[in-house]
Each structure stands twice: as C-alpha cells, then as structure tokens.
Amino acid sequence: MPTAEGSGPGSTMALVDDLLLHRTPHPRTPPPGPPPRAVRWLGALVGVLCGLVLVVAALHARTGVPVTAQQRSLVAAVDDRRTALDGTEQQLRELRAAVASAATAPVAPAALPSAGPSGAAAALPAEGSGVVLRLVVPTGADQAVQDRDLQQLANDLWAAGAGAVALDGVRLGPRTAIRTAGSTVLVGYRPVSPPYVLSATAPGAGGGAALRARVLAGPAREQLADLAAAYDVGWSLSSRTVSLPAASPAPLRLASPAPGGGR
C-alpha cells in the first residue's frame, strides 16, 4: 500500500526540521534609549542649584566676619554723627536763648563806648592833656603818605582812647572824610599838606602819657615803622597839652519830591 503523502517517519522528520529551521524567535528586551528631554532638563536644573548652594556657602564662609565688622563700624559712625548733631542743636538753642535775652536786656550807660568821633562832641572845642603825632615827608615825596594812612592813624588814636582828634587843625567828626584829590589830601574837603600833624586829647586818668603808651603798643607803631622804612617818612609822638577847634557844622540837606512825582 502506498504511503500517504505527508505521513510516515519521513514526514515526521521533515516537520521537525521545519520547526527547527523556521522556529519563531523569543522576544528580546529592547536596548535602553536616551532619556526623555524633561528628565535631562530636570537633571541640569538640580546640578545648577547644587552649584549655587555651594558658591553661596563658600562666599558666606569667606566674607561673614568682615561684613559683620563693617556693619559695626557703620553703626558706630552713625551714633557718633547723631551725638555730634545733638550737641550742635543744643548749642544752637543756647545761642538763640542768649540772643533773645540780649535783645530784651537794657543797655547800661557804662557799656557804651566813649572813644570815637561824636557829632555832639565834635561841635565843641576840646582842650587838655593829649598827644601830638607829627609826620615829616621827604622833599619830592609828597605822596609817600596817602589818605588811607592818615585814616588808619586817626582810627588808631581813637582805638587807644582819644576823646577828640584833629588833622592839621581840622577837627575830625563822624562825617569828616579824609580823601585824596589828585596829589592833594582833603580833610573835610579842606586841603592839607605835609608835615601832617595829628592831635588828640586824652580824657581820663593818665592823660597824654598813658595815651602815648597805648598808641605805641598798638598797630600804629608798625604802620609808622613801615612808612619810615619804605619812604623815609620821619615821625614823632609826644604827650603835651593840646587845643582842638570845633568841627565845622556840615550843611544839612533835606530830601524833596522830584518834579513830576519822581517819574
């Protein structure tokens, strides 16, 4: 009997070979691929944060002490400035109180200065113990002594305590001007010429001798020495009895409205 196709030992072996040769492979685990993008960004962020923490910790460890010392220094400076400001404000309050008290306090007559030109006193002749200051100018050097020199010497006499002063016979009052016009010195608009003579009375105890000592101890001595050294101006200061004329009354000028109302 013929053998049926596909049966028998041969067919069985063929089937086994087909199974061996054409078997289905077992499934394998796929190789790991790159991580997702979100996972990579998260890792990078964690690394950056860790780095910042380390940097901050290092800076704090390095500069912690100096910053504290600097803060203490600034606080001390602020306290010092506040203390100084409080002291200044206290001084300001005291000065304001002193000014207010002085403004309301009556002035004693003895506190008023007695030296210096006075209009009422200059209107009367003056005579008594005093001093005479004489300035001799070399020939040809008429301008060696200027008006400002004579002004300063007159002021020095009053500062030393003189009661009345005259220059070349012209009584000096509060409105008497000593000026130069060209090469001529004018005293109260009257021309004077060298030798210049300043006469002054010396009221009070001591008389002219005491006034002379005070003048020589003041700035007049240095000014006279400068004039002598620079221009060979001779000078002498003596105490004696002096007689001074009264000052010429200055004409009073009254204001009046301008024509047209001042327009």
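**View 1. Salt bridge between Arg82 and Asp79 in the predicted model.** The side chains of Arg82 and Asp79 form a salt bridge, with an N to O distance of 3.2 Å. Side chains of opposite charge can pair when their charged atoms come close. A search of the whole structure returns 1 salt bridge.

**View 2. Setting of the pair in helix α2.** Helix α2 covers residues 37-104 and holds both Arg82 and Asp79. The two residues sit 3 positions apart, about one turn of the helix. How accessible is Arg82? Its relative accessible area is 46%.

**View 3. Open sheet of 3 strands.** The strand order is β4-β5-β6, and the pairing is antiparallel. Which strands form the edges? They are β4 (178-181) and β6 (190-192), and each pairs on one side only. From one strand to the next, the twist averages 40 degrees.

**View 4. Pairing of β4 with β5.** Strand β5 spans residues 184-187. It pairs with β4 in the antiparallel sense, over 4 bridges. Arg179 stands opposite Leu186, a residue of β5.

**View 5. Helix α4 across the sheet strands β4 and β5.** Helix α4 is made of residues 147-159. It lies across β4 and β5. At what angle does helix α4 run to β4? The angle is about 170 degrees.

How values were computed. Residues are numbered from 1 along each chain as its sequence is written. This is a predicted model: local features need pLDDT of at least 70, side-chain atom pairs count only at pLDDT 80 or more; totals for chains, interfaces and linings use all residues. Side-chain values use heavy atoms; hydrogens and water are left out. Two strands pair if DSSP finds at least two bridges between them. Axes are lines fitted to C-alpha atoms, for helices over the stretch in contact, and angles run from 0 to 180 degrees between N-to-C directions. Contact means heavy atoms within 4.5 Å. A salt bridge is a side-chain nitrogen of Lys or Arg within 4 Å of a carboxyl oxygen of Asp or Glu. Buried means under 20% relative accessible area, exposed over 50%, partly exposed in between (1.4 Å probe, protein chains only).
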